[in-house]
Amino acid sequence: MKAIKPIITLLCIGLLASSCKESFLDLKPLSNATADNFKTADDFELAVNGAYASLYTVYHPEGPVSYANEQMSDNAIMFNISGIQSDKWQFKDYSLATANTMVYQFWQDCYKAIFNANIVLDRIEGANLSTTYKEGVKAQMMFLRGLYYFNMVQLWGDLPIVTTPLTGEESYAVLRSPASAVYDQIKKDLVYAAEKLPLASAITLPGRASKGAAQTLLGKVYLTLGDKTSAANVLKEVYNSNQYSLLPNYSDLWGPSVKNTKESIFEIQYLGGNASAPYSRYYQTFYPNNNFLGFYGGGMNQVTDDLYNEYESGDTRRDVSIALGYNNSGTFINQKYPVKWTDTKAVQVGGNPLANNNFMILRYADALLLLSEATGDATYLNLVRTRAKLPKFGDATYPSDKYPTLDLAIEHERRMELAIEFNRWFDLKRTNRAIPVLTAKGKAISQNKLLWPIPQIVRTQNGAITQNPGY
């Protein structure tokens, strides 16, 4: 049976210059250290860094989490001249085809990321290193694997579950498991990570996962499964840990020199100014598709009027997050775009600004809003609103005519607080609000369109791989 030949293919493509004829155990991780030579802590640190480097692809400004949460939501449109335009617009139009090249690329990217974690997990078991060190490495890799699978299960539903670097015919026998089984694996990984990872205050290498990161992600997983009690318990641990706090002003969160603050729970690290380093691409990709700063902007995730207009009067987060347009040869062009990741002093090489901005996957405001969602207690939501200098939910001046219930207040607040931070579509799906909200705004969404299609090439190579309904 040739069950996941496409997974084997995707793990070989672009991982390194290894041949697809080699077994998984012979493939080299991104660290450039061969798996067969993993012996010392230094060897494993290189491989661990390679696994973290997968974040650059999965959370790329034109990666799967961006396309799903912004383009498939009511937050953003695009004006982008690169790539296959029809494939890109299929996300926004809810017309995804099984042959969509980007869906297949995203499938590949996610399984490559999972492989990079699995190869470390496989090799660390037999390493002659301290138990404490090995447990720490395992916890980090399980956190990353849980994160990647959590994204994938929200995008595709049932999935092949791969927890080891499979070899030869072994890999052909793995078919799609029910989404419930995928979630069981995610929970198992994150519970282990939460038990073994250190507190944020004990993290010595910026960007490494902490206990709070695993707990926050686990809380979001529980909420997605409708288990508010478990979500509340784990998120309260984050709240009571005294490891995190909101920064005084929303504007304090953004800028090329703002990194790993007390509000950051899990953050992707970038280093600007060097083309060979992992420089941030959000600045260029999210700028309008026009050469008005010495480089061409990508035109990705241009802000909709609908998002802009939902901000309340006096909400300073709007102007910190969104620009109204840009000047082109003295003419102002009205085109709203995100500015959270702006780096005007970025060194330009080959027409590319090598920006220095980090990207936060999880931050404390997100955790607080999740905690209000889990507990039904507006206290945590109101902490976020107080920072934004807005009336609290329950106050006489709160816009209760628009958001009369706590659920709607949280939905509104998450959209404003986390705008263009790759949360909106997953949020609407989690609360069963995607269809009513997006249908009312003209989206051709339906129950079947809440999942992406399994790439046709996957099913062509193995007819036993099932397709999602509606494709």
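1. A word on the basis first. This is a predicted model, in which local features need pLDDT of at least 70 and side-chain atom pairs count only at pLDDT 80 or more, while totals for chains, interfaces and linings use all residues. Residues are numbered from 1 along each chain as its sequence is written, and side-chain values use heavy atoms, with hydrogens and water left out.

2. Helix α16 spans residues 406-417; helices (H or I, at least four residues) and strands (E, at least two) are DSSP runs, numbered from the N terminus. From first C-alpha to last, α16 reaches 16 Å, close to the expected 16 Å (1.5 Å times one less than its number of residues).

3. Ten of the twelve residues in α16 are buried (under 20% relative accessible area, with exposed over 50% and partly exposed in between; 1.4 Å probe, protein chains only). Among them are Leu 406, Ile 410, Arg 414 and Glu 417.

4. Ile 420 has a positive phi of about 60 degrees although it is not a glycine, and it is buried at 2% relative accessible area.

5. Asn 242, in the loop between α10 (228-240) and β4 (264-268), also has a positive phi, near 60 degrees. Asn 242 is exposed, at 64% relative accessibility.

6. Strands β6 (residues 322-328) and β7 (residues 331-338) run antiparallel, joined by six bridges; strands pair if DSSP finds at least two bridges between them. Gly 325 is partnered by Asn 334 in β7. Two residues lie between the strands of this hairpin, where Ser 329 takes a positive phi near 55 degrees.
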